[in-house]
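Me: Please take me through this model one question at a time. I would like each answer to show how it was reached.

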Amino acid sequence: KSVKISTIVFHGSQYTGGAHPTPFISTIPVDTNGKLLKLSDLFTVSAPEYLAVLSKYASEILSKEYGDGFFKEGADTNPENWNNWYINENGNLVILFGAYQVAAYVNGEPDVSIPFSEIKSIAKPEFFN
């Protein structure tokens, strides 16, 4: 049985007196019953295990895209790096990174789309259909 997820994605900014406003992202994923979902709800394994898989995949993509401008710590296994996500219409897990999190401000707010095929061994398939 598949579980449908609706996600509200907020993009905003706050002016803190610098050269430009500081952007932010926040996502609110809920299932059809209105239950607020956590990233951990999507997986059959513990946080250290799924975060290692997500970090490895995202870091490879971001490293190719930004080279020496990739901030590795922004995509490491720290759970705080993985707060903003949604599942797109293709069943891919999309991770949203804030400005300065994985690359310089000029690169905006990068995202990485992780195909279900990359995580199917550790994911609950009902969320990705």
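This is a predicted model: local features need pLDDT of at least 70, side-chain atom pairs count only at pLDDT 80 or more; totals for chains, interfaces and linings use all residues.

**Charged pairs, core and surface**

Me: Does K35 count as buried, partly exposed or exposed?
Reply: The relative accessibility of K35 is 42%. Buried means under 20% relative accessible area and exposed means over 50%, with partly exposed in between, using a 1.4 Å probe and the protein chains only. K35 therefore counts as partly exposed.

Me: Which side chain meets K35 in a salt bridge?
Reply: Side chains of opposite charge can pair when their charged atoms come close. The rule for a salt bridge asks for a side-chain nitrogen of Lys or Arg within 4 Å of a carboxyl oxygen of Asp or Glu, and the count by this rule comes to two. The partner has a relative accessible area of 15% and is therefore buried; at 3.6 Å, N to O, the side chain that meets K35 is that of D41.

Me: How far apart are the closest N and O atoms in the salt bridge of E60 with K56?
Reply: E60 and K56 are four residues apart in helix 1, so about one helical turn separates them; helices (H or I, at least four residues) and strands (E, at least two) are DSSP runs, numbered from the N terminus. E60 is partly exposed at 39%, whereas K56 is exposed at 54%. The closest N and O atoms of this salt bridge are apart by 2.9 Å.

Me: Why is the pair of W82 and F97 edge-to-face?
Reply: Rings of Phe, Tyr and Trp (its six-membered ring) pair if their centres lie within 6.5 Å, and planes under 30 degrees apart count as stacked, over 60 as edge-to-face and the rest as tilted. Of the four aromatic pairs in the structure, this one has ring centres 5.6 Å apart and planes at 75 degrees, so the pair is edge-to-face. W82, in the loop between helix 1 (47-66) and strand 3 (85-87), and F97, in the loop between strand 4 (93-96) and strand 5 (111-114), link distant parts of the chain, 15 residues apart. W82 is buried at 2% and F97 is buried at 0%, while the angle that makes the pair edge-to-face is 75 degrees.

Me: Which residues does N84 touch?
Reply: N84 lies in the loop between helix 1 and strand 3, and at 17% relative accessibility N84 counts as buried. Contact means heavy atoms within 4.5 Å. Not counting residues up to four places away in sequence, N84 touches I25, S26, T27, V94, I95 and L96.

Key: Residues are numbered from 1 along each chain as its sequence is written. Side-chain values use heavy atoms; hydrogens and water are left out.
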